[in-house]
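Hello,

Here is the structure we discussed. Please open it alongside this note; what I found follows below.

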Amino acid sequence: MLLQKWIIGVIVTLVNSAHAQLRDGYELQDDAPDVFQPRLGLTVNAKHHRVEVSWYYLSHLEGDVIVVTNEEPTGTFLSKAVASSSASIFREGSGFSDGGSGSGTGETFDQSFLSVIPLSEQESILENENNRSRITSSRIVNWQYSTPPTDVLIELYPQDKQGWVTTELIFDRSLSKMVNKHTSCYGYWATILRRTGQVLMTRCFRAFPTWMNDLRGKIENLRFKDLFIPGTHDSASYMDNFHPHNETVVTKYSLTQDDDIRTQLMHGIRYLDIRVGYYRASKPQFWANHGISRQRPLHEVLHLVRDFVLETNELVIIDIQEFPVGFGKSKDIHRVLVNFLHQELQDVLVSPDVTWRATLKQIWDTKKNVILAYDKGSVVFEFGSILFESVEQKWPNKQNLADLRRYLSFTRDQMQGIFGSRPIAEMAELTPNAWGVITDLYGGLRRMADEVNRHVSRWYASDFGAGANVVAVDFYRGTTIIETALRWNSIKTIT
């Protein structure tokens, strides 16, 4: 018996050691080469809703300028020799870690507009913001464009081939709510110029409301498991017209998104992570929750999804993942919930008979668009004509960037050799622990998201993104995950 225990102990030690070596060997690197350069991106941070600019291009030369405008620039760019107080210079390396995501058109898919890429510096979310080296100047050389000459809003002077800078421009969130299935560029444009005024590239804020249909010729014979699906974590944890200046102790650690479900979908999100609470004495009784915090009426979320797919013919996964309030140990409330879900979505629900093995074409052929997945096996078995098995979430539960990086690296290695058709979601966000919430150690979920989103964007734009399936993030507009997903999907092939 002692010998057996000793042998088991040795085996466990060796396995743990091997796993540790494997984890170290496959650790993600922030400086990994970008697969899709050149890139230029516009994003919005979560903490202050400021516009950010990111770039990655190997043809960088000293004297290059990145300018931002609030309309599509036309005509010739000309520099002024006159000093101006209306614009600011931000030098690469300012490192403000606030995030965001742009997106596409409903008619044609133009890969040239896909943009992204951050530069990573700080490793800790507790870094003092005063140490970040933003440089502003009231006397600068401005650039103008168009006729009559119009001043650019911001000038950035990149010191390297890659960077990520937070500007002082506040993004008007009402613009996002006006996005529809025909929307292309809106809000702001960024342009890289040589010192001579030669334009290298121009990019804009975009929405991708019909990207699956736009890419249909490339992806329709693939399964969900084969694709890079952009998603959001706690997708329904948002408040209408909420501004971070109004943050409370509760909202700091309960809100994970700024955009409502329709806006998320219009910008390209196709995986929704929904947690459901049941409140017997409430009307309505079912709510989308974040933990015990009640967020949005569930029927509102479902109607927004239904209306979106009927308008666009896109495919969406609703993944019911947790039941934090009101369900108890029996399946009684689960049965009520499933019947409610079916009642609200029955005309758009994909039959589980097609299984997760179905290609997108096979799903489209059913004339249905919503995959309803459910994270309770016995209920899925009972309602096999309504529910798919849930997406397998890889949940880091990490409080800092380094641990998140190691977790994603290690679990990705574990995923190798898994040949099932059930999608796998990498939950690429930080999670505060209870003590950190009580003491406000992290400064809130917005601060945490802003610290990691540019790193996450960088990782998935490197060759690490080739193995991604579902990737869910907090405050997705602080990432470039949608653009990156579309780029990877545009080169997917059947294996």
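F205 is buried, at 0% relative accessible area (buried is under 20%, exposed over 50%, partly exposed in between, with a 1.4 Å probe and protein chains only). This is a predicted model: local features need pLDDT of at least 70, side-chain atom pairs count only at pLDDT 80 or more, and totals for chains, interfaces and linings use all residues. Residues are numbered from 1 along each chain as its sequence is written, and side-chain values use heavy atoms, without hydrogens and water.

Aromatic pairs

The whole structure holds 16 aromatic pairs (Phe, Tyr or six-membered Trp rings with centres within 6.5 Å; planes under 30 degrees apart are stacked, over 60 edge-to-face, the rest tilted). Y188 and F205 make an edge-to-face pair, 6.1 Å centre to centre with 65° between the planes. Y188 lies in strand β10 (residues 185-193) and F205 in strand β11 (residues 199-206), 17 residues apart (strands are DSSP runs of E, at least two residues, numbered from the N terminus). Y188 is buried too, at 11% relative accessibility.

Y278 and F286 are tilted: centres 5.1 Å apart, planes at 45°. Both Y278 and F286 are buried. Ring pairs join Y278, F286, F323, F327, F340 and Y374 into a cluster.

Charges over rings

R294 has its charged end over the ring of W287, 4.9 Å from the centre (NZ of Lys or CZ of Arg within 6 Å of the ring centre and within 35 degrees of the ring normal). R412 lies over the face of F464, 3.7 Å from the ring centre.

Best wishes

Methods: Helix = DSSP H or I, 4+ residues; strand = E, 2+ residues; numbered from the N terminus.
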